[in-house]
Amino acid sequence: MSEATLERGLKALKEQIDTPIALFFSSCTHCGMCATACLFYTETENPAYTPINKVEPMRRLWEQEYTLIGRIKKAIGMSKPITDEELEEWQEYCYNACSLCGRCTMVCPVGNDITYMIRKMREGMAAAGHAPEGLIGASKRAVKIGSPMGVKLPALQAQARHAEKDLGMEIPFDVEGAEYMMLMSSMEIMNYPEYMEAVAKIFRQAGKTWTISSEAFEATNSGIQIGSSDIARELVSRVVTAAEKLKVKTVISPECGHAYTAIRWEGPNLIGRKFPFHVKHILEVLDEFRAEGLLKTEGFEEARMTFHDPCQLVRRGGVVEQPRNLLNMVSKDFVEMKDHGIMNWCCGAGGGVSANEDAAELKMQAFKRKKSQLDELNVDTLVTACANCRIQIEEGLEENEMDIPVVGLTEMLAEHLVEDNKTEG
Amino acid sequence: MTAVDFLLWVRGPGLTIASIIFVLGMTLKFFEIFMLGRKKNLAELRGSGVKEGFKTIVTRSGHVDTYSTRHTKFTHIAGWVFHIGMFIAIFLLAPHIEIFKTFLGFGWPALPTPIVDLATVISMITLLAILFHRITNPVLKYLSVGQDYVVWALTFLPLLTGYMAYHHLFFRYEWVLGVHILSVCLLLVFFPFTKLTHAFTLFISRWYNGMMAGEKGVQQ
Ligand code: SF4
Ligand code: SF4
């Protein structure tokens, strides 16, 4: 993130403008409907948090650079140039008050993919030096240490040894020719060590070969969140290099929403070529096991439960049915939230919000939307499939004095596995 | 200049010039948009997205979000009502169809004039309500810029002057009709350079929105 300047920022932003962006700006009628789709607006009623407003400087740049009228206006000094002060103000709007959740994109009547626009807007913001400190720090750590939270290989290895002792099996590192390569997110390594054990148990039962690369195990991608394609590319390249070296067929994105978007959808576009392997979210893999009859469970959860759809999985990722299929294997009292699936409300902490200290208060305010959804349901347990959502929801529930345990779907499934065959290690 | 001279001018050269500016302006607009291009998506796709794109052109006329539906009822209903009313007023009034016929070489059946008249009145009332909403609703007030009001006026004037001409209100008929046609000329001239372009681009925007979601297997 060296020598970030306004000039670099504008140049980066200009490069982001493509046909869809021009169409979207040409189509927006300022109808204001996107506001009610955005939890940062609904919970604060701050008009500046209206989704389309979050890209206003980009709109002006588009007009000034890519339309005849805009150019004429610029030439005769009738247009307002974009300034550092303005971008500084917009930092709050397009980072603190946006989790890139994608709801606005589904609601805009003229069809603007506003999330796509904000993602691009951040490229200009980061290059201009107007990204939040928290995200700059996370990105630096990700590039230097390999993890946004500073988690190093020994921490992962220690966790693996722990799992090995518990399970009586080896956690496979750097196994060439394994079918699957498992990625982890720092949040899981630090906060949810059960995840690794759960995956190991499930793969043992399914009889599939898998491995973790000691060179690239981190799935989260701060480059995507801050809006720096250079950083994002570097982080994706590490995973690609490791997967190619180990000749795996499939790379598994962990229970982390934006990690999935980063490697599954943005990854190949960042490195400029198709991957020679598949990328799947852990839930997709588990659902395939289920369909093949490789996932055998016993017993059902007693609790009345609901599922929180991570935005990057459903709306931005197309993984909708899989968690439901899996949940129904182990739950008889599963209820849906009112706007579930592709219209589910964000937890409030995605898209880099959780790593951004400036947004600490706002993300708790945004959580109120999830609270309202939960208040309507009266459930005992909330299941989700994203470590980031999970932390935010746990924090939000605690702050609102709501006593609802939050569990990861993979772990819950692992607890119900029929322990019969112990073929794989 | 007499009223008749004025009418003859706007109806003849005036309208022709405005139409030419409209067509050239829209051509330029599309050129400006499509010359930017879009990078090919290299991710392993779940589908081409083409079908979802076309589907979204239709489905986006309604809402998928229960919360937004509840909170944007006015915008939604008013939007529909005024667009339909305006469509009727522009395309289904007999004298208008005559004009289209001279330009296009073919016509279509008209609606009875009293119905078009009613649609015009409803459109105007709705547009006034929309304007009131824009200046009172906090989000709209915040978002709105000068152009939003200019565009509102450009849309409202042809309806108002058309209504006045039809009912022979206030001024000499030739003057009012002339002003009516002039207001249409203004609409045509400003159209390609303001957000009025949404009338065309929104379909392509919706298509891209649905297509990009469809590539990921997201059904709208
Ligand atoms: S909903 Fe769409 S058209 Fe309406 S203000 Fe938002 S971006 Fe513009
Ligand atoms: S992506 Fe989500 S958080 Fe961001 S502006 Fe849109 S609705 Fe709001």
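Mentor: We can start with a ligand shell. In this predicted model, α7 (103–107) and α8 (114–127) of chain A each supply at least two residues of the shell around ligand 2.

Trainee: Which residues come nearest to ligand 2?

Mentor: The shell has 13 residues, and the nearest are Cys38(A), Cys98(A), Cys101(A), Gly102(A) and Cys104(A). Sorted by class, the shell around ligand 2 holds eight nonpolar, three polar and two charged residues.

Trainee: Now the aromatic rings. How is a pair of them described?

Mentor: One gives the distance between the ring centres and the angle between the planes. Over all chains, this structure holds 22 aromatic pairs. In one of them, Tyr180(A) and Phe203(A), the centres are 5.4 Å apart and the planes stand at 80°, so the pair is edge-to-face. Tyr180(A) belongs to strand β1 (residues 180–182) of chain A and Phe203(A) to helix α12 (residues 194–206) of chain A, so the pair ties together parts 23 residues apart in sequence.

Trainee: What is the span of helix α1 of chain B, from its first C-alpha to its last?

Mentor: Helix α1 (residues 3–34) of chain B has 32 residues and reaches 44 Å, close to the 46 Å expected at 1.5 Å a residue.

Trainee: Where does α1(B) bend?

Mentor: At Gly14(B), by about 40°.

How values were computed:
Residues numbered from 1 in each chain as written. Chains lettered and ligands numbered in written order. Predicted model: local features only at pLDDT ≥ 70, side-chain atom pairs only at ≥ 80, totals over all residues. Heavy atoms only, no water. Helix = DSSP H or I, 4+ residues; strand = E, 2+ residues; numbered from the N terminus. Expected span 1.5 Å × (residues − 1). Bend = angle between axes of the 7 residues up to and from the residue. Phe/Tyr/Trp six-rings, centres within 6.5 Å; stacked < 30°, edge-to-face > 60°. Near = heavy atom within 4 Å. Nonpolar A, V, L, I, M, F, W, Y, C, P; charged D, E, K, R; others polar.
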